[in-house]
Amino acid sequence: MVGEPTTFTKSWFDAFPDLRAETTEVIDAGDRVVGGTRWRGTGATSGVPYNQDAAEVFTVRDGRIIRAELGFDDRASALKAVGLEE
């Protein structure tokens with residue numbers, strides 16, 4: 001992790017100490033990028049596996065991410081947010 005984690009981020013890593021993310025897809029949409037992510041982990045207390053696929057939209061300027069829109073439930077929603085359709 002870069003810098004200090006936010007309270008929200010820390011709570012996720014406390015709940016799922018082995019939390020990991022795998023990039024599954026990257027779609028160029030001009031000055032924005034749609035990313036697919038597969039999240040996996042195991043509940044620290046329960047031992048229950050956590051598995052979720054999600055999508056994000058990143059706005060890029062001069063090769064740097066300047067905005068991240070997180071929490072899209074699926075690829076179609078993220079694509080729609082950047083003006084692309086499946």
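Author: To begin with a definition, helices (H or I, at least four residues) and strands (E, at least two) are DSSP runs that are numbered from the N terminus. On that basis, the chain has two helices and four strands, and from the N terminus on these elements run α-β-β-β-β-α. This is a predicted model, in which local features need pLDDT of at least 70 and side-chain atom pairs count only at pLDDT 80 or more, while totals for chains, interfaces and linings use all residues. Residues are numbered from 1 along each chain as its sequence is written, and side-chain values use heavy atoms, with hydrogens and water left out.

Reader: ok, and roughly what box do the C-alpha atoms fill?
Author: Taken along the principal axes, the C-alpha atoms of the chain fill a box of roughly 40 × 30 × 15 Å.

Reader: How much of the chain is buried?
Author: Buried means under 20% relative accessible area, exposed means over 50%, and partly exposed lies in between, using a 1.4 Å probe and protein chains only. By that rule, buried residues make up 27% of the 86 residues in the chain.

Reader: Which residues form the largest nonpolar core?
Author: A nonpolar core is a set of buried Ala, Val, Leu, Ile, Met, Phe, Trp, Tyr and Cys residues joined through side-chain atoms within 4.5 Å. The largest one here has nine residues, namely Ile27, Ala29, Val34, Ala55, Val57, Phe72, Ala78, Leu79 and Val82. Strand E1 (20–29), strand E3 (49–61) and helix H2 (75–81) each supply at least two residues of this core.

Reader: Let's pick Val34 then, where is it and what does it touch?
Author: Val34 lies in strand E2, which covers residues 32–42, and it counts as buried because its relative accessibility is 3%. Contact means heavy atoms within 4.5 Å, and, not counting residues up to four places away in sequence, Val34 touches Glu25, Val26, Ile27, Glu56, Val57, Ala78, Leu79 and Val82.

Reader: And what does Val82 touch?
Author: With residues up to four places away in sequence again not counted, Val82 touches Ala29, Arg32, Val34 and Val57.

Reader: New topic: how many aromatic pairs are there?
Author: Rings of Phe, Tyr and Trp (its six-membered ring) pair if their centres lie within 6.5 Å, and planes under 30 degrees apart count as stacked, over 60 as edge-to-face and the rest as tilted. By this rule the count comes to three aromatic pairs. One of them, between Trp12 and Phe16, is stacked, with 5.3 Å centre to centre and 20° between the planes. Trp12, Phe16 and Tyr50 form one aromatic cluster.

Reader: Are Trp12 and Phe16 buried or partly exposed?
Author: Trp12 counts as partly exposed because its relative accessibility is 28%, whereas Phe16 counts as buried at 15%. Phe16 lies in the loop between H1 and E1, and, leaving aside neighbours within four places in sequence, Phe16 is in contact with Gly41, Thr42, Gly43 and Tyr50.

Reader: What about pockets, what volume does the largest one have?
Author: On a 1 Å grid over the protein atoms alone, a pocket is an open set of points where a 1.4 Å probe fits, with protein on both sides within 12 Å along at least five of seven lines, and lining residues have an atom within 4 Å of a point. Grid points are joined across faces, edges and corners, and a volume is the space filled by probe spheres set on the points. The largest pocket has a volume of about 590 Å³.

Reader: Which residues lie nearest its centre, and which element gives the largest share of the lining?
Author: The largest pocket is lined by 20 residues, of which Phe8, Trp39, Glu56, Leu70 and Gly71 lie nearest its centre. The largest share of the lining, six residues, comes from E3.

Reader: Last one: what is phi like at Asp62, and where does Asp62 sit?
Author: Phi of Asp62 is near 50°, a positive value in a residue other than glycine. Most residues other than glycine have a negative phi. Asp62 is found in the loop between E3 and E4, and Asp62 counts as exposed because its relative accessibility is 74%.
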